[in-house]
Amino acid sequence: MLQVTNIHKTYEGRPLLEGISFTVARGETVCLLGPSGSGKSTLLRIIAGLEEAEEGRVYWEGEDITAVPPHRRRMGMVFQDYALFPHLTVAENVAFGLRMQGWSPQAQQERVREVLGLVRLTGFEARRVTDLSGGEQQRVALARALAPRPHVLMLDEPLGALDRALREELLEELRGILRASDVAAIYVTHDQEEAAAIADRILILHDGKIVRAGTPFEVWNDPGSLWVAQFLGVGNLLFGECRPGFRSPLLKTSLGEFSLSCPHCHETGTRVAAVLRPSAVEEHPEGEIRSRVTDVVFQREHFRVSLENGLSVVLPRAPQIGEVVTLRLRAPLQCLEGVTEL
């Protein structure tokens with residue numbers, strides 16, 4: 001198990017990472033998710049030993065490796081720009097780390113063949129990497145990182161340079177490769193959908209701290225704070241005052257009064273933020289929300305409909321621009337934990 005404990009780092013006199021702690025088990029993929037500048041890549045470099053933290057420790061299987069040089073930590077890295085050697089063949093690129101570790105030529109050849117099969121590049125051994133597509137180059141980079149059997153595999157925005165279709169294809173392949181290799185993996189991205197697709201656990205970084213941690217399902221369904229909800233884009237954010245209700249609390253907003261799912265103990269009149277998820281509405285003649293349609297976008301199995309009142313909802317049909325729709329909530333609004341003053 002990899003254990004990262006109380007990492008602190010400043011940049012140009014300002015805190016970049018503050019007290020970051022987490023673990024990654026063998027066979028687990030943990031995703032560091034956050035906007036640009038949140039310290040994700042810096043944290044990765046600290047774990048790899050490429051950069052020093054001002055405070056904190058890194059452990060592997062209980063052994064403190066904070067002072068261990070990068071080449072002795074047995075950590076593989078995959079970068080967005082591939083970082084391949086253009087003058088070497090595919091096999092020579094993949095074998096590079098093995099040569100540095102003193103593997104015999106025969107063992108190198110066997111391991112190169114094994115990992116190229118894992119990334120679906122069997123038969124590419126003699127090809128020049130400059131003749132490969134972007135997706136194929138990234139597979140080579142992944143094979144090179146996996147070849148020396150690292151304790152931890154770290155991937156820094158590995159699919160960022162690829163187009164959407166290829167990114168989705170490689171993401172699916174990458175999940176299978178990580179499962180098959182049984183390696184502890186840390187995956188850095190700013191893309192929420194990418195994180196949800198690849199991660200066993202997501203750690204969201206903001207202002208130098210982990211502000212939400214959990215499985216993709218847990219994080220998406222309970223963002224826990226206004227900032228995380230905005231960053232993930234989980235739905236419409238409504239603001240208002242709590243009111244007592246018959247069976248559940250109510251939230252009085254500029255759009256009306258709605259049932260509120262809230263595990264907190266807000267006093268009457270407390271101002272809070274809540275989420276109205278786009279899929280949590282349906283058309284109904286006696287609905288609480290009535291507004292004019294301003295835009296309609298087809299999204300595969302449904303239509304995303306923008307309304308004059310500022311809401312964005314998901315409907316099974318495409319109303320006309322300018323049409324007035326009446327909607328009711330199929331589920332209460334979701335209160336955001338800790339947001340008591342706006």
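Reader: Where do Trp227 and Phe231 lie, and how many residues apart?

Author: This is a predicted model. Trp227 and Phe231 both lie in helix H8 (residues 226-232). They are four residues apart, about one turn of the helix.

Reader: What makes Phe85 and Phe96 an aromatic pair, and why is the pair called tilted?

Author: The count comes to three aromatic pairs. For Phe85 and Phe96 the centres are 4.7 Å apart. The cut-off is within 6.5 Å, so the rings pair. The planes stand at 50°. Stacked needs under 30 degrees and edge-to-face over 60, so the pair is tilted. Phe85 lies in the loop between strand E6 (75-79) and helix H2 (90-100), and Phe96 in helix H2, so the pair ties together parts eleven residues apart in sequence.

Reader: Why is the pair of Trp227 and Phe231 called stacked?

Author: Their ring centres are 5.1 Å apart and their planes are at 10°. Stacked means under 30 degrees, so the label holds.

Reader: Why does Phe231 count as buried, and what does Trp227 count as?

Author: Phe231 has 15% relative accessibility. Buried means under 20%, so Phe231 is buried. Trp227 has 23%. That value lies between 20% and 50%, so Trp227 is partly exposed.

Reader: How do you know that strand E3 is mostly covered?

Author: Five of the five residues in E3 (residues 29-33) are buried. Thr29, Cys31 and Leu33 are on one side, with Val30 and Leu32 on the other.

Reader: What makes E3 and strand E8 a pair?

Author: Five bridges join E3 to E8 (residues 184-189), in parallel. At least two are needed, so the strands pair. Thr29 has Ala185 as its bridge partner in E8.

Key. Residues are numbered from 1 along each chain as its sequence is written. This is a predicted model: local features need pLDDT of at least 70, side-chain atom pairs count only at pLDDT 80 or more; totals for chains, interfaces and linings use all residues. Side-chain values use heavy atoms; hydrogens and water are left out. Rings of Phe, Tyr and Trp (its six-membered ring) pair if their centres lie within 6.5 Å; planes under 30 degrees apart count as stacked, over 60 as edge-to-face and the rest as tilted. Buried means under 20% relative accessible area, exposed over 50%, partly exposed in between (1.4 Å probe, protein chains only).
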